[in-house]
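Here is a short briefing for a reader new to this structure. Look over the sequence and the model, then go through the points by topic.

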Amino acid sequence: MRVLITAGGTSEKIDDVRSITNHSSGRLGCLIAEEFLKNHATVDFVTTAQAKHPAENKKLQLYEIEGTQGLADQLQELLQKTTYDAVIHSMAVSDFTPAQTFSQEDFLASINHLFQEKKGPLTKEDLTQLTDRTEADEKKISSDTEQLYLVLKKTPKVIQLIKKIQPETLLVGFKLLVDVSKQTLITTAQAGIGKNQADYILANDLAKIKDNQHIGYLIDKNGQIIGEKQTKESIAQLIFQTIDRHNT
């Protein structure tokens with residue numbers, strides 16, 4: 001069996017010394033990889049330099065990325081040259097990436113200029129024009145301003161690339177919400193299955209992840225909960241067992 005696993009969290013560059021990221025440690029993805037390796041699978045593991053890495057193994061190949069675009073490029077390359085029995089996409093991918101920055105003075109000047117041009121209420125299209133006016137190519141943004149305005153733009157949904165390139169692979173996606181009811185978590189995860197063409201989604205709530213506890217629900221493409229686990233280790237085992245059943 002050969003699987004592709006993503007883990008950790010992307011980091012989106014603001015300038016050459018700053019970025020925005022998330023708190024994903026990559027530990028669950030690492031445990032999933034180790035569970036597959038323990039059962040003699042070959043694993044291609046896409047992660048970040050800051051995330052936890054599996055122990056060296058002759059059947060493990062590591063690929064490091066930084067941002068969402070780097071992840072998309074790396075997955076596209078791997079999926080086009082290698083056929084996978086499953087793709088387990090546990091990486092926490094940024095929903096937004098920096099598009100433009102303004103000092104307080106530049107932002108006010110740009111807004112005033114737009115008002116003078118429009119002579120009326122500004123629209124979404126005007127704001128898009130504003131953020132597209134200057135290339136965001138500064139090596140290091142100056143700190144000589146009381147306020148810094150950061151404009152973010154939406155990143156592409158990387159998970160939606162996977163089935164487009166390899167429609168036959170088994171796809172396990174992940175949905176993380178924060179402090180919601182179990183029903184809200186399950187309903188949101190179920191909606192993501194069809195949207196992302198996933199075969200399974202692991203639904204979890206950040207508020208229920210602490211110390212050795214990690215409550216997760218594995219949901220199949222019919223929207224049914226096929227497993228509920230309480231720790232990262234047991235979630236990793238459940239995902240392996242589920243994928244293994246499809247290949248035996």
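## Strand pairing and the sheet

Strand E9 (residues 170-177) and strand E10 (residues 200-210) run parallel and pair over 6 bridges. Two strands count as paired if DSSP finds at least two bridges between them. Helices (H or I, at least four residues) and strands (E, at least two) are DSSP runs, numbered from the N terminus. This is a predicted model: local features need pLDDT of at least 70, side-chain atom pairs count only at pLDDT 80 or more, and totals for chains, interfaces and linings use all residues. Residues are numbered from 1 along each chain as its sequence is written, and side-chain values use heavy atoms, with hydrogens and water left out.

**The sheet**

- An open sheet of 8 strands has mixed pairing and the order E5-E4-E1-E6-E9-E10-E11-E12.
- Its edge strands, strand E5 (60-64) and strand E12 (225-229), each pair on one side only.
- From one strand to the next, the twist averages 15°.
- Angles run from 0 to 180 degrees between N-to-C directions, and axes are lines fitted to C-alpha atoms, for helices over the stretch in contact.

**Bridge partners**

- Valine 172 has tyrosine 200, in E10, as its bridge partner.
- E1 and E4 run parallel and are joined by 5 bridges.
- Isoleucine 5 has phenylalanine 45, in E4, as its bridge partner.
- E4 also pairs with E5 in the parallel sense, over 5 bridges.
- Threonine 47 has glutamate 64, in E5, as its bridge partner.

**Cover over the strands**

- Helix H2 (residues 68-81) lies across strand E1 (2-6), strand E4 (42-47), E5 and strand E6 (86-89).
- H2 runs at about 175° to E1.
- E4 is mostly covered, with 5 of its 6 residues buried.
- Buried means under 20% relative accessible area, exposed over 50%, and partly exposed in between (1.4 Å probe, protein chains only).

**Leucine 37**

- Leucine 37 is part of helix H1 (residues 27-38).
- Leucine 37 counts as buried because its relative accessibility is 10%.
- Neighbours within four places in sequence aside, leucine 37 is in contact (heavy atoms within 4.5 Å) with Val43, Asn57, Lys59 and Leu60.
- Leucine 37 and lysine 208 are 171 residues apart in sequence and 28 Å apart in space, C-alpha to C-alpha.

**Phenylalanine 96**

- Phenylalanine 96 lies in strand E7 (residues 96-103).
- Phenylalanine 96 counts as partly exposed because its relative accessibility is 40%.
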